[in-house]
Amino acid sequence: MFRLILLAGIIYILLRWLRKSAPPKNKEQAFHRQGQNIEEMMQDPVCGTYVPIGQAVTLTQKKETLYFCGKECRDKFLQAPTEDKH
Ligand SMILES: [Zn+2]
């Protein structure tokens with residue numbers, strides 16, 4: 001009877017060990033995906049966050065294009081009084 005409990009315990013530990021050893025592969029793939037986006041980063045003029053161009057909310061003003069981390073920041077930028085003191 002004691003041997004059966006011991007065997008069940010070993011199987012349980014083995015199953016837990018197998019589950020633990022699975023995650024790292026996914027982490028590595030996620031890291032590679034992030035690495036591809038690092039090249040094209042633009043700074044949000046409102047909050048100062050660096051945003052990948054592909055995910056950024058863009059706003060074209062006159063000749064320049066601005067990149068924002070989200071619509072909230074773009075709205076803030078549009079609402080704020082422009083500092084054009086020429
Ligand atoms: Zn922002």
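Here are some questions and answers about this model.

This is a predicted model, where local features need pLDDT of at least 70, side-chain atom pairs count only at pLDDT 80 or more, and totals for chains, interfaces and linings use all residues. Residues are numbered from 1 along each chain as its sequence is written.

Q: In what pattern do the helices and strands follow along the sequence?
A: Start with the parts: the protein has three helices and four strands. Helices (H or I, at least four residues) and strands (E, at least two) are DSSP runs, numbered from the N terminus. Read along the sequence, they go α-α-β-β-β-β-α.

Q: Is Cys69 buried or exposed?
A: Cys69 sits in the loop between β4 (64-68) and α3 (71-79). The cut-offs count other C-beta atoms, placed from the backbone, within 10 Å of a residue's own: 20 or more is buried, 12 or fewer is exposed, and in between is partly exposed. Because Cys69 has 20 such atoms within 10 Å, the call is buried.

Q: Which residues is Cys69 in contact with, leaving aside its neighbours within four places in sequence?
A: In contact means that two C-beta atoms, placed from the backbone, lie within 7 Å. With those neighbours left aside, the list for Cys69 is Asp44, Cys47, Thr49, Val51 and Ala56.

Q: Which six residues form the largest nonpolar core?
A: A nonpolar core is a set of buried Ala, Val, Leu, Ile, Met, Phe, Trp, Tyr and Cys residues joined through C-beta atoms within 7 Å. The largest one here is made up of Val51, Ala56, Tyr67, Phe68, Cys69 and Cys73.
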